[in-house]
Amino acid sequence: METIRPPRMRTVKEAAQELKALDSHTAVTEYHIRRLALQGVLPKVKAGKKVLINLDTLIEYLQNPTAEKFRTASTATVNGIRPIV
């Protein structure tokens with residue numbers, strides 16, 4: 001029987017700390033992770049005021065940021081503001 005492993009959901013701060021533990025010289029910051037989630041590059045789950053992201057998806061993105069699954073529409077809005085093209 002296959003065991004189901006739940007996703008490793010982390011707050012932005014916890015995700016940054018986990019990356020720091022994996023690579024003490026990482027340049028990826030909390031701010032960058034938060035922006036990726038808010039821009040729709042990384043899927044996010046809102047839990048009250050917290051933003052949760054899947055740590056495995058974040059690591060997958062960092063390994064291959066140009067993968068098709070991480071592309072967003074150029075007209076994506078952030079906080080209700082759309083970019084001027």
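1. Basis of the model. The model is predicted, so local features need pLDDT of at least 70 and side-chain atom pairs count only at pLDDT 80 or more, while totals for chains, interfaces and linings use all residues. Residues are numbered from 1 along each chain as its sequence is written, and side-chain values use heavy atoms, with hydrogens and water left out.

2. Strand S3 and its cover. Helices (H or I, at least four residues) and strands (E, at least two) are DSSP runs, numbered from the N terminus. Strand S3 spans residues 50-54, and four of its five residues are buried. Here buried means under 20% relative accessible area, exposed means over 50%, and partly exposed lies in between (1.4 Å probe, protein chains only).

3. Partners of S3. Two strands pair if DSSP finds at least two bridges between them. Strand S1 (residues 9-11) runs antiparallel to S3 and is joined to S3 by three bridges; Thr-11 has Leu-52 as its bridge partner in S3. Strand S2 (residues 44-47) is also antiparallel to S3, with four bridges, and Ala-47 stands opposite Lys-50. S2 and S3 form a hairpin with two residues between them, and Gly-48 in the turn has a positive phi of about 70°.

4. A salt bridge is a side-chain nitrogen of Lys or Arg within 4 Å of a carboxyl oxygen of Asp or Glu; the count comes to five. In the one between Arg-5 and Asp-56, the closest N and O atoms are 2.7 Å apart. Arg-5 lies in the segment before S1 and Asp-56 in helix H3, 51 residues apart. Arg-5 is exposed, with a relative accessible area of 62%, whereas Asp-56 counts as partly exposed at 25%. A network of salt bridges links Arg-5, Arg-8 and Asp-56.

5. Two further salt bridges. The side chains of Arg-10 and Glu-18 meet at 3.0 Å, N to O; Glu-18 is partly exposed, because its relative accessibility is 29%. Glu-68 and Arg-71 form another salt bridge at 3.2 Å. Glu-68 is exposed at 60%, and Arg-71 is exposed at 53%.

6. Where is Thr-72 placed? Thr-72 is in the segment after helix H3 (55-63), and it counts as partly exposed because its relative accessibility is 40%. Leaving aside neighbours within four places in sequence, Thr-72 is in contact (heavy atoms within 4.5 Å) with Gln-39, Gly-40 and Val-41. The C-alpha atoms of Thr-72 and Val-41 are separated by 6.2 Å, although the two residues are 31 residues apart along the chain.
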